[in-house]
Structure formats: structure tokens, C-alpha cells
Amino acid sequence: MLLAGRVAGVTGAGAGIGRAIAQALAAEGARVAVTDINEEGAQETVRLIEAAGGVARAWRLDVTRRDHIVQVVDAIREWGRRLDIWVNNAGVSTMNRFWELTEEDWDFNMNVNAKGTFLCSQVVARVMMQQDFMQGGELRGKIINIASMAGKRGNAPFLAHYVASKFAVVGLTQAMAGELAPYKITVNAVCPGYVATGMQERELRWEAELRGTTPEAVRELYVQDTPLGRIETPEDVAKVVVFLASSLSDFITGEAINVNGGAWMD
Ligand SMILES: NC(=O)c1ccc[n+]([C@@H]2O[C@H](COP(=O)([O-])OP(=O)(O)OC[C@H]3O[C@@H](n4cnc5c(N)ncnc54)[C@H](O)[C@@H]3O)[C@@H](O)[C@H]2O)c1
């Protein structure tokens with residue numbers, strides 16, 4: 001198993017991509033701290049992991065609240081004795097034409113997606129900087145940020161504020177990677193494309209309304225925009241997170257890896 005003996009934390013792991021990531025990390029032997037603002041969702045993820053023979057525990061964590069993060073990260077350390085892997089996955093979206101976006105849209109997206117990644121990473125980095133090297137490895141810790149295709153491709157209709165928040169995540173990934181490398185902590189991002197989750201279901205409805213069409217027609221646009229010809233699954237993303245969390249990727253840092261079926265290449 002690629003992650004035997006490792007302790008991992010995942011934000012927004014009560015649904016969608018975060019749940020798949022938590023399950024995939026646990027399946028490779030990591031003990032997983034499943035965190036989400038929605039505690040019931042986090043508990044359901046833990047049930048799924050335990051049913052598959054893995055080890056996990058749930059915490060309610062709002063990534064926009066520094067006090068929460070400090071408290072929960074402390075509790076995770078007590079539970080796991082250390083913290084090897086942290087995945088900043090929690091994210092939100094709303095959709096509107098640029099000229100109709102509100103300050104609430106901007107603040108909501110920036111707060112969860114960009115500031116949440118900053119706050120969690122800072123608290124976690126301080127812990128990782130002071131811990132011993134991972135067993136059998138040359139690193140102290142690994143931070144993985146779930147950015148988006150919209151973190152590289154600005155031309156994403158109705159998502160200007162979300163695009164700004166995800167470009168921020170990619171930039172922050174590079175800046176943190178540079179500053180944390182001397183402490184032997186890697187920081188990388190994953191940029192998914194059109195992934196079938198609750199977030200996508202909401203976006204299909206909003207985009208259909210904005211375009212005056214149906215959610216099914218919008219889903220077809222997403223498929224047409226994806227050279228590999230299908231909607232992405234949360235597991236497509238989780239597999240790459242496992243790679244970044246494992247020692248197979250120990251010399252990679254500051255990268256933002258596209259996992260999008262070819263929908264955006266750079
Ligand atoms: N679905 C896609 O097409 C897609 C594409 C690219 C990137 N992403 C990114 O992947 C990540 C996961 O998205 P998803 O599609 O699984 O979304 P989702 O809405 O299905 O799940 C998101 C989870 O995050 C949690 N969350 C929301 N606000 C939070 C907060 N303040 N603190 C802690 N948890 C919070 C929610 O409770 C939920 O469980 C997000 O960062 C998203 O931007 C998604």
C-alpha cells in the first residue's frame with residue numbers, strides 16, 4: 001500500500017471529490033481525518049471508509065475559521081500523532097454574468113476557495129515544519145490543493161469570481177512550494193475539469209438558466225469540450241491525489257497538474 005503509516009487530513013471530505021479523495025487515501029493505508037463544514041457528510045464518509053476496512057475519523061471544520069482550523073488540527077495530531085498529508089479540497093461556486101456578480105458572490109468564493117486554502121495551509125505548515133521526516137522518506141509533509149481548470153483557463157463563462165479564487169490557489173501553491181521547500185514540505189495542486197458532483201449538478205442548473213437551455217444540454221457541452229469524451233469522476237481526481245500524497249512524487253513541488261480529459265492543456 002502506498003500510504004501505509006501515513007496520517008492525512010482532507011477538507012470538504014463530506015461529499016463529492018473530497019469524499020473520493022478520503023476513500024482513496026484510506027484504501028492505500030492512510031489514517032484519514034475527514035473534515036467538512038457538514039458534519040453528517042463527514043460522518044457518512046467515515047462510515048464508507050470503515051466499511052471498506054479503512055481507518056478514519058470525522059471532524060466538523062469550516063475552512064474560513066482560523067479558530068476551528070487550529071482546534072481541529074490539534075485534535076488530529078493528538079489522534080494521529082503527526083500529520084503527513086493535508087488536502088485543501090473544500091470549495092464552493094456560484095454562477096452569474098460578470099456584470100451581474102455581487103460582492104457576496106465574490107466574498108463567498110474567495111473566502112472558501114482562496115482564503116480557506118491559505119488559512120488551513122498556514123496552520124498545517126507550522127505543524128509540518130516542526131515534525132520529523134515521514135517514516136522512510138525525505139520529506140516532513142505534503143500539502144495538496146484542489147484548484148480547478150478554472151485556475152488556469154480564465155475563459156470560463158459565468159465564473160469570473162471563481163476563476164479569480166482558483167488562480168489564487170495556483171499562485172499560492174507555487175509561493176508556498178518555494179518557501180516550504182527548505183523545510184522539506186512539498187506543495188502541489190490538482191486542476192480537475194468537469195467533475196460529476198453536487199457542485200456540478202448546481203452549476204448545470206444555473207448555467208442552463210443563464211444560457212436559456214436545459215441542464216442536459218449543458219452537460220453535453222461539457223462532454224464536447226472534453227477530448228477524452230466523458231464527464232470526469234471524483235475517482236479520476238482522487239487517483240492523482242494519491243500519487244501526489246505518496247512517495248512516488250517526492251521530487252515534485254509547485255506543480256498544478258491538469259486532470260481534465262484534455263479539456264485544457266498547458
Ligand atoms: N465539480 C467540479 O466540476 C470541480 C471542478 C474543478 C474543481 N473542483 C473543486 O473541487 C473541490 C470539491 O468540489 P466538489 O465538486 O466535490 O463540490 P461539492 O459541493 O460536491 O462538495 C464540496 C464539499 O465542501 C464542503 N464545504 C463547503 N464549504 C466549506 C467550508 N467553508 N469549510 C469546509 N467545508 C466546506 C461542502 O460541505 C461539501 O461537502 C472544490 O474545491 C471545487 O472547487 C470541482
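## Overall dimensions

A compact globule of 266 residues would have a radius of gyration near 18 Å, and the protein chain, at 18 Å, agrees with this expectation. The model is a predicted one. Its C-alpha trace spans about 55 × 40 × 35 Å along the principal axes.

Eight helices and seven strands make up the secondary structure elements of the protein chain. Of its 266 residues, 48% count as buried. Among contacts with a separation of 6 or more, 71% join residues 24 or more positions apart.

## Domain arrangement

The protein chain is divided into domain 1 (7-193 + 234-259) and domain 2 (195-231). The contact between them takes 11 residues from domain 1 and nine residues from domain 2. On the side of domain 1 that touches domain 2, α1 and α8 (234-245) each supply at least two residues. That side of domain 1 has seven nonpolar, three polar and one charged residues. The centres of the two domains, taken over C-alpha atoms, are separated by 24 Å.

## Ligand surroundings

The ligand has 30 residues around it, of which Gly-12, Gly-16, Gly-91, Thr-197 and Met-199 come nearest. Two or more residues of this shell are given by each of α1 (16-27), α4 (103-129) and α6 (198-211). By class, the shell divides into 13 nonpolar, 15 polar and two charged residues.

Methods: Residues numbered from 1 in each chain as written. Predicted model: local features only at pLDDT ≥ 70, side-chain atom pairs only at ≥ 80, totals over all residues. Near = placed C-beta within 6 Å. Helix = DSSP H or I, 4+ residues; strand = E, 2+ residues; numbered from the N terminus. Nonpolar A, V, L, I, M, F, W, Y, C, P; charged D, E, K, R; others polar. Rg over C-alpha atoms; globule rule 2.2 N^0.38 Å. Buried ≥ 20, exposed ≤ 12 C-beta atoms within 10 Å, placed from the backbone. Contact = placed C-beta atoms within 7 Å. Domains from an automatic or database assignment.
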